[in-house]
Amino acid sequence: MRSLSTRFTSAVAGLAVAAGLALAGTGTAAAAAPVATAPALFGSGDHAGPPQRAFASAYGYSVLAPTAVPSGADDRSCRPTAAHPRPVVLVHGTFENRYADWAGLAPELKRQGHCVYALDYGGAVGPVTGLGDIRDSAREPAAFVERVRAATGAAKVDLVGHSQGGMTPRHHLKNLGGTTKVDKLVALSPTNHGTGLLGLGTMARVVPLGDEFLGLLCTACSRQITGSGFVTALNSPGETHPGVTYTVIATRYEEVVTPYTSSFLAAAPNVTDQRVQDFRPDDSTEHLGISYDPVATRLVLDALDPAHARRPAC
């Protein structure tokens, strides 16, 4: 079992990274690299960064190379096959970017034969993205899906998202016509029912003008607070669409989406809620690490290709 000190350290690290990412967009880290706008699909300024094994090293690379594409993504020559007929679109989380979140998973998906694409969205300042109003930000992945479909000839895509990126596509599905263009949504630690953001959301509700202040700093954050109007509307009257298959992958050591069970969707025939510790009890992955976790990676691959699913190794 994970020790209390380790869990506390992980929680503090999560807050520190979030604060560091915010500062990177406006302070010293931003000065170390040119400010970048979100590149278009196959943008001429993009380059493939190296595969990474952890979020920290991937994010560090993205600070100096803010337009980097994760290795394996946006291959112009890739065409869907009978084995993998749908391209996979990767959607990052709040304060993050496509390279930082997906420099481990994208090359593995490519190695398994998938056509993979990744975008930055929700604010385009250096390596810090995903801060904008989710109602507007969701239109960017929606438009990106259209470009991927046009480039590959695929009728539908599969989506894999982390944190906000696992929840934002549900707005696309519910309100932007995405159900006819998406077959599967696989979400890693998504904010499906909101989050207290380690108490920051609750504190914002108590402090006078706290909600307004949080909204100014990060509109996407305020939209993801438990009980927000956006979260309430997203989950009413139902949480899923019968034409889409949903898989949620969470971790008991989650320190950002709290409680971790708030990631899970309501039970339905087309919904699978999973916890990495149910497959490997000693797995200590947390919010930022889950997209690099071997068990979570195996569960993503199985969700995308259930015909060849393999139980993660213990």
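This is a predicted model: local features need pLDDT of at least 70, side-chain atom pairs count only at pLDDT 80 or more; totals for chains, interfaces and linings use all residues.
Residues are numbered from 1 along each chain as its sequence is written, and side-chain values use heavy atoms, with hydrogens and water left out.

Let me begin with the overall layout. The secondary structure comes to 13 helices and 8 strands, taken as DSSP runs numbered from the N terminus, with helices being H or I of at least four residues and strands being E of at least two. Of the contacts in the chain with a separation of 6 or more, 77% are between residues 24 or more positions apart, a contact being heavy atoms within 4.5 Å.

Now to the sheet. Six strands form an open sheet in the order E4-E3-E5-E6-E7-E8, with parallel pairing, and two strands are said to pair if DSSP finds at least two bridges between them. The edges are E4 and strand E8 (271-275), each of which pairs on one side only. From one strand to the next the twist averages 15°.

Which residues of strand E5 lie on each of its two faces? Val157, Leu159 and Gly161 are on one side and Asp158, Val160 and His162 on the other, and all are buried, in keeping with the count for E5 (residues 157-162), where 6 of its 6 residues are buried. In a regular strand the side chains alternate between the two faces of the sheet.

As for the pairing itself, E5 is joined to E3 by 4 bridges, the two running parallel, and Val91 has Gly161 as its bridge partner in E5. E5 also pairs with E6 in the parallel sense, over 6 bridges, with Leu188 of E6 as the bridge partner of His162. Between E3 and E4 there are 4 bridges, again in the parallel sense, and the partner of Leu90 in E4 is Ala118. E5, helix H8 (residues 164-175) and E6 make a right-handed β-α-β unit, right-handed meaning that, with the strands pointing away from the viewer, the path from the first strand over the helix to the second runs clockwise.

Helix H7 (residues 139-152) touches E3, E4 and E5, and its direction makes about 150° with that of E4, whereas H13 lies across E3, E5, E6, strand E7 (245-250) and E8, running at about 170° to E6. These angles, which run from 0 to 180 degrees, are taken between N-to-C directions of lines fitted to C-alpha atoms, for helices over the stretch in contact.

Leaving aside neighbours within four places in sequence, Val160 is in contact with residues including Val88, Leu90, Trp102, Val186, Val300 and Leu304.

Finally, the aromatic pairs, of which the count comes to 3. Why is the pair of Tyr61 and Tyr99 called tilted? The ring centres are 4.9 Å apart and the planes are at 35°, so the pair is tilted, given that rings of Phe, Tyr and Trp (its six-membered ring) pair if their centres lie within 6.5 Å, with planes under 30 degrees apart stacked, over 60 edge-to-face and the rest tilted. Tyr61 sits in helix H3 (residues 55-64) and Tyr99 in helix H4 (residues 98-102), 38 residues apart. Tyr61 is partly exposed, at 28% relative accessible area, whereas Tyr99 is buried, at 1%.

Definitions and conventions. Buried means under 20% relative accessible area, exposed over 50%, partly exposed in between (1.4 Å probe, protein chains only).
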